[in-house]
Amino acid sequence: MTNNWTDIQNADIVLVMGGNAAEAHPCGFKWVTEAKSERGAKLMVVDPRFTRTAAVSDHYAPIRSGSDIAFLSGVINYLLSNDAIHTEYVRNYTNAAYIVGEGYGFSEGLFTGYEEDRRAYDRSSWEYEIGEDGFAKRDMTLQHPRCVYQLMKAHFAAYTPEMVQRISGTPEDKFLKVAEWVASTANGERSMTIMYALGWTQHSHGAQNIRSAAMIQLLCGNIGVPGGGINALRGHSNVQGITDIGTLTASLPGYLAMPTDAEPTLDSHLAKRAFTPLQENQVSYWQNYNKFYVSFLKGMYGRNATADNQFGYDWLPKLDTTYDALKMFDVMHKGQTTGLLCQGFNPLMSIAYSGKSVAALAKLKFLVSMDPIETDTAYFWQNHGEFNDVDTASIQTEVFMLPVTSFVEEEGSLTNSSRNIQWKWRAADPYFESRRDTDILADLFLRLRKLYDDEGGTAPGPIQAIDWSYADPMAPAAEEILRELNGRALTDLRDAEGKVVRRAGEQLAGFGEMRADGSTDGVQWIYTGVYSPEGNLSQRRDNSDPSGKNVYGSWGFCWPANRRILYNRASADPDGKPWSEEKAYVFWDGQRWGGADVPDFPPTSNPSLRTGPFIMTPEGTSRLFARGFMAEGPFPVHYEPFEAPVLNPMFPAIRGNPAARVFDNDMEIFGDAEEFPIVATTYRLTEHFHYWTKSVRYNAVVQPEFFVEMSHALAEERGISPGQMVSVRSHRGEVKGRAMITKRLQPLQVDGRTLHYVGLPLHFGFVGQARKASPVNSLTPPVGDANAQTPEFKAFLVDVTPLADPVA
Amino acid sequence: MNMDISRRRFLQGAGAGVAGTALGAFGFGGVEAAYAATVKEFRLFRTTEARSTCPYCAVACGMMVFSAPSAETGRMEVVHIEGDVDNPVNRGTLCPKGAGALDYIRSPQRVKVPMYRKAGADAFEEVSWDFAMERIAQLMKEDRDANFIETNADGVTVNRWPTMGFLSGSSCTNETGWITWKVARGLGMLQIENQARI
Ligand code: SF4
């Protein structure tokens, strides 16, 4: 989230799209209810299903799953063609004025530089024109034909309300009402928050869904202001923290990058990340990348990391290619993976195309499940009839199930979707023989290191170099590890005048203290400050709100630097004055920046310098034009899902996202609309969490079994009665469940035809207390977003047929 | 506000005891005993309270977790969970998921001891922690020794172990996340993923 849960109360308009907060995040959704009752805020919901969030909305617009970009681009077109934008914000705080090079173009659904055989772009033409002074050229009047603003007007002009209706199935008047309400916030007086979840990300164009939304917020001036923002609700309790830590194939902690083969030395890695400012007086904060990187290496390798050995850079593995979950299972399926450790993870349920997953797992030599509870994955070798029909004896995989403590049996910190790092205290002893994850991993690591010490082996060096100086090496304490994440001074740190500003051994108070010469450590720079010289700030429990703006700045510690709203300098105009009294938040008092929050800006930077509020970018502005940072183009384009019920009405020759990865370019994996005419989408129930709570009695009692939600019209067409067993088949698999016939789903008119839907709750499997079911992911296609590789679970094709005689 | 309610409940509990005593003072000793026997002790009296957060979604609702020593094992076990009234986000509320978290802790599916399934076997068997950890370490070392790549075709040091994968849990703490990163990358793994995408 750019903003946070309690800040939602400051919104005037709330748009929930690609999420269902009332059911999936009920206690966070209460802040929408507060905004409605306290400020008279209006809630609008755009969703294929009339969800419970829609049920309490002021306006609901239906949409075909997979067509969000057409809808959002329609909103962008509405804002631009009605001049309903926050012009001064757009001019000064976005790259609208930047002039794009002549080589850039877009035609027939493709940008310049497409290479079909690679399914990828050469992105070099998606760049600004650079002037002789080395800075990017701008036209602050926004008139230049190649400035981003003019390019946008041309690019989005095709997304008229009629086109939105044709592609998305949203009736024109319902679409227009959304656009008008959005436009009502483009003035600095009012603000809109956008709340989304996996309904936006789980598409082959998921990242562009979110970009489209962010662009709308920028055009309205809704980023960096109270009640604004683009807010990912997020799934698992610590998915934010674990993403921050970077247990992702290409990541280091704090969004630093893994070394690759093309970066043989530390200097070559850092040189690619110089982040030279593109305008005068810009912060371009990533210029400090080297300080964070070296401090990371000092944390990882301790004393063994020295200036002479590039601080241990060579010990880190170098990435040859990225291995996201879909790729991991593809490699495994090819028999190229020996072992898999699953920590609180049930991939057989959660990864696309479970038929392939089970075959892949069977090729492993060993599988280790570390989890408080049994998972379907740990039992993948066991035959469960139609739900998991495997030949047990032929599966040669050794499987371990290690008992891990549950959430109450350990202490530590978690980062919520508002980026707030909060401590939890241990409430109970470990149940049974369970051990903490950290103890299991310490044990494993120390055993391996000992094996290498005792008997040698391949490349013991990188293992022996790791710093493992915990007080009890077999049981690192959570407090100790949080201190390690924060970082400390390794020698006395002096300022330019030679004055000691931090003594050797002291914790760092902020990432601004980090150095590139090896005199500081700290593996997670964005968290620095959480364990400062003042102590463990994630334990703070002061719930006061001194500004009265719902800012609880002394509750936990919010990264970065305890900021509750990101980019908050944008809540003031270029001179540092709040855009309006109503939305005053962070402002310039003539000497310093101050206000309700920690300013996201150098504290004494005079507004006359015209330093931009988006301090992380070399422009100092946000980007309406993404340059080369997105795989499928600098602007969003409506591409159909890979399994689509219609040809792309705008660009019929293009199937799916042209830059999305399709394994071995195998289009056979997708079904077509003739055989599978019905759109399917997965969703969550308020009583269940992913695949865990089917093993929890209470949840299994209240929602005991899988079902197939469909409209009355579809049920009638197929001769299906309420409660009847039905089969849902895709090109890859089949699931069976009872029909739940509701008014929440309605057929849509798309591109001249009537389109039916089914909704499939995803929580069921063959292990646990709930009734057995085949994994919903036996249906889904193994294709992901072109940037993030998030699988396309929210729009695929199936057919539905009744199974037994209708119930009387 | 909810805190006041629970304090009030606490006082009501005490109030019942006082009423009984007053009846006793009027000479109704038997009534007092009978009445006292019907009054259940406030069940959180003998518990220890810890502040925690919900294990499920990323709203991260604050929880008050009450524990007491188990009669069987003597270990501290959880007897009750409710929303943390002090938490500025959830303010004491929990949704149907969080409200059932106690049942997650005592799920019938809890793995109690290390379990091991031999190649081709049709069941898990119980094993000791030492057996499981030693066997896993052996299997990992065997594979790392066989498949670890120190330099690529161009002679660049790459130190990677391409044949081993780690799926890192997004419900684990930040501290577990870092130890996971350190161990997995330290050994040279590239196949690392968490639940950010799913
Ligand atoms: S109680 Fe519900 S809303 Fe709160 S964190 Fe848990 S799952 Fe999320």
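The following legends describe close-up views of a predicted model.

In this predicted model, local features need pLDDT of at least 70 and side-chain atom pairs count only at pLDDT 80 or more, while totals for chains, interfaces and linings use all residues. Residues are numbered from 1 along each chain as its sequence is written, chains are lettered from A and ligands numbered from 1 in the order in which they are written, and side-chain values use heavy atoms, with hydrogens and water left out.

**View 1. The ligand site is shared between chains A and B.** Chain A contributes A:Pro26 and A:Cys27 to the residues around the ligand, a residue being near a molecule if one of its heavy atoms lies within 4 Å of it. From chain B come B:Cys54, B:Tyr56, B:Cys57, B:Ala60, B:Cys61, B:Leu94, B:Cys95, B:Lys97 and B:Gly98. The shell comprises nine nonpolar residues, one polar and one charged. In this classification Ala, Val, Leu, Ile, Met, Phe, Trp, Tyr, Cys and Pro are nonpolar, Asp, Glu, Lys and Arg are charged, and the others, including Gly, are polar.

**View 2. Chain B is divided into three domains, with bounds at 48-106, 112-146 and 148-198.** These bounds come from an automatic or database domain assignment. The centres of domain 1 of chain B and domain 2 of chain B, taken over C-alpha atoms, are separated by 33 Å. Chain B contains five helices and eight strands, which follow the order α-α-β-β-β-α-β-β-α-β-β-α-β from the N terminus. Helices (H or I, at least four residues) and strands (E, at least two) are DSSP runs, numbered from the N terminus. Of the 198 residues in chain B, 54% are buried; buried denotes under 20% relative accessible area, exposed over 50%, and partly exposed the range in between, with a 1.4 Å probe and protein chains only.

**View 3. Helix H19 of chain A, residues 478-486, is mostly covered.** Seven of the nine residues in H19(A) are buried, namely A:Ala478, A:Glu480, A:Ile481, A:Leu482, A:Glu484, A:Leu485 and A:Asn486. A:Gly487, just after the helix, takes a positive phi of about 95 degrees.

View 4. Over all chains the count is 53 aromatic pairs. Rings of Phe, Tyr and Trp (its six-membered ring) pair if their centres lie within 6.5 Å; planes under 30 degrees apart are stacked, over 60 edge-to-face, and the rest tilted. A:Phe275 is partly exposed at 27% relative accessibility, whereas A:Trp286 is buried at 18%. A:Phe296 and B:Trp178 form an edge-to-face pair, with 6.1 Å from centre to centre and 80 degrees between the planes.

**View 5. A:Gln240 lies in helix H11 (residues 239-245) of chain A.** A:Gln240 is buried, at 7% relative accessible area. Apart from neighbours within four places in sequence, A:Gln240 is in contact (heavy atoms within 4.5 Å) with A:Arg234, A:Tyr255, A:Thr415, A:Asn416 and A:Trp559. The peptide bond from A:Trp559 to A:Pro560 is cis, with omega near -10 degrees. A:Pro560 is located in the loop between strand E19 (557-558) and strand E20 (586-588) of chain A.

**View 6. A:Gln310 and A:Asn562 have positive phi values.** Most residues other than glycine have a negative phi. For A:Gln310 phi is near 55 degrees. A:Gln310 lies in the loop between H13 and helix H14 (325-333) of chain A and is partly exposed, with a relative accessible area of 23%. For A:Asn562, phi is about 65 degrees. A:Asn562 belongs to the loop between E19 and E20 of chain A and is buried at 11% relative accessibility.
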